[in-house]
Amino acid sequence: MSLVTDLVCVCCGRVSADAPLRCTCEACGPARGILDVRYDMAAARKTMTWEALADRPLNHWRYRELLPLDDCPDWPVGWSPIVEAPRLAGELGVRRLRLKDEGRNGTASFKDRASSVGVARALAAGATTIACASTGNAATSLAGYAAVAGLPAVIFVPRTAPAPKIAQLLIYGATVFRVQDSYAAAYDLCSQACDSFGWYNRNCAINPYLVEGKKTAGLEIAEQCRDDPPDWVAVSVGDGCTIAGIGKGLEQMRELGLIGWRTRLLGVQAAGMAPVAKAFHGEACEVNALPGTLADSINVAVPRNLDKAVRAVRASGGRYIEVSDQAILAAMRDTGRLAGLFAEPAAATAVAGVRCAVRHGIIAPDASVLAMITGNGLKDIDAASRAAGAPVDIPPRLEEVRRYCEQ
Ligand SMILES: [Zn+2]
């Protein structure tokens, strides 16, 4: 049995019962009434001990006490490696940098954590079709895990979704609607379709159970860095759901007494699309005037989890920061060149944020930082090509190679 006790509205505080299709607070509505899932932490404390965890499989289902499922599947998700990146640390100006490589999840992004929980919940609720609106990674991971589970998937993508992500969706057998408009329009159309056709709505922002999947990254950071905590965890921010989930995971590990430390969250947004950072700093934000960013995974003008995302960072004692698209492209190059890791633009945004935070004196040079690499760079080869430049075209003659090398 799951240890979920109830759900609480982050807007009005109203408590409601755990129900298969509950998504938002009835009093506050879908725009503001984001729900947070609560657990019987006293019961969790009894069984989720370091000793018990030592014997469990290395995937995110190992934290079953803190997942909203009666029975967890055994699909391979999570427990992504944390790699040391000393050369990149030197380039960014920090003492130590670790990268949590979420690109090694099954469909090559962080979103597998949420989607796997979403698909498992949908199966438990008796759903016959699962749907979502996504700028890409949430959709591809949903399609991938729906395929594993044998559940039909319907995906609404905005006009700007990159071709590789769409190809990935189609390969997993999903029905793909490419909405000739923005992400917000795709999102609204998906919600209408779910209401009309009774599809299970995976949309992370309003489906409170999916944040629970994202939370496992925070649980893992706590476990993997148990005796050696980072001072900062840097996360790129779009809808706000990822950073809120990581913050919740870290807090729950403290609540269970498994860790005694806190780490600060650095929320990083692209300067062309930074409504959460602006809200954090109390600045006005005219949504229609935002120019957008090449980092499509975080190109979100109307973040549905804005309140949770602001609160998580504030509660950690952290900060929000904005970085330019040029800084994101530079971070893609540096992460590849100096750490051997191919990050998609939204993932490199976290690295760009670390560099910017050091320059502004927010992160001290002697700090230890962990950056979330939320997706693999093969997801968006157009952006990668912009970051990386062109190869050297030469005729097949050795002297041409020599001439180039001597330049
Ligand atoms: Zn409410």
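Strand S4 (residues 82–84) and strand S5 are joined by 3 bridges and pair in the antiparallel sense. Two strands count as paired if DSSP finds at least two bridges between them; strands (E, at least two residues) and helices (H or I, at least four) are DSSP runs numbered from the N terminus. The structure is a predicted model, in which local features need pLDDT of at least 70, side-chain atom pairs count only at pLDDT 80 or more, and totals for chains, interfaces and linings use all residues. Residue numbers start from 1 along each chain as its sequence is written.

Asp101 has Ile373 of S13 as its bridge partner. S5 is mostly covered, with 5 of its 6 residues buried. A residue is termed buried if 20 or more other C-beta atoms lie within 10 Å of its own, exposed if 12 or fewer do, and partly exposed in between, with C-beta atoms placed from the backbone.

An open sheet of 3 strands has the order S2-S1-S3 and antiparallel pairing. Its edge strands, S2 (15–16) and S3 (35–39), each pair on one side only. Helix H9 (residues 208–224) packs on this sheet, touching S1 and S3, and its direction makes about 60 degrees with that of S3. Such angles run from 0 to 180 degrees between N-to-C directions, the axes being lines fitted to C-alpha atoms, for helices over the stretch in contact. Contact requires that the C-beta atoms of two residues, placed from the backbone, lie within 7 Å. S1 (residues 4–9) runs antiparallel to S2 and is joined to it by 2 bridges; Leu7 has Ser16 in S2 as its bridge partner.

Helix H6 (residues 137–149) has 13 residues and reaches 18 Å from its first C-alpha to its last, close to the 18 Å expected at 1.5 Å a residue. The expected span is 1.5 Å times one less than the number of residues in the helix. H6 is mostly covered, 10 of its 13 residues being buried; among them are Asn137, Thr140, Leu142 and Tyr145. The buried residues of H6 pack against helix H5 (112–124), strands S6 and S7, and helix H7 (163–171). Gly150 follows H6 and has a positive phi, near 75 degrees.

Helix H8 (residues 183–197), with 15 residues, reaches 21 Å between its first and last C-alpha atoms, close to the expected 21 Å. Its buried residues are Tyr183, Ala186, Tyr187, Cys190 and Cys194. These residues lie on the same side of H8 because they cover an arc of only 100 degrees around the axis, the arc being that of the directions from the helix axis to the C-beta atoms. An α-helix has 3.6 residues a turn, so residues three or four places apart point the same way. The exposed residues Gln192, Asp195 and Ser196 are carried on the face of H8 turned away from its buried side. The buried residues of H8 pack against strands S6 (130–133), S7 (153–158), S8 (175–179) and S9 (200–201). Just after H8, Gly198 takes a positive phi of about 70 degrees.

Helix H14 (residues 345–359) has 15 residues that should span 21 Å at 1.5 Å a residue, in agreement with its end C-alpha atoms, which are 21 Å apart. H14 is largely enclosed by the rest of the structure, because 13 of its 15 residues are buried. Gly361 follows H14, with a positive phi near 75 degrees.

Two further residues were examined individually. Ala234 lies in strand S10 (residues 232–236) and is buried, with 28 other C-beta atoms within 10 Å. Not counting residues up to four places away in sequence, Ala234 touches Leu266, Val268, Ala350, Gly353, Val354, Val369, Ala371 and Met372. The C-alpha atoms of Ala234 and Ser191, 43 residues apart along the chain, are separated by 31 Å. Arg45 lies in helix H2 (residues 41–47) and is partly exposed, with 14 other C-beta atoms within 10 Å. Leaving aside neighbours within four places in sequence, Arg45 is in contact with Leu256 and Gly257. Arg45 and Val77 are 32 residues apart in sequence and 23 Å apart in space, C-alpha to C-alpha.
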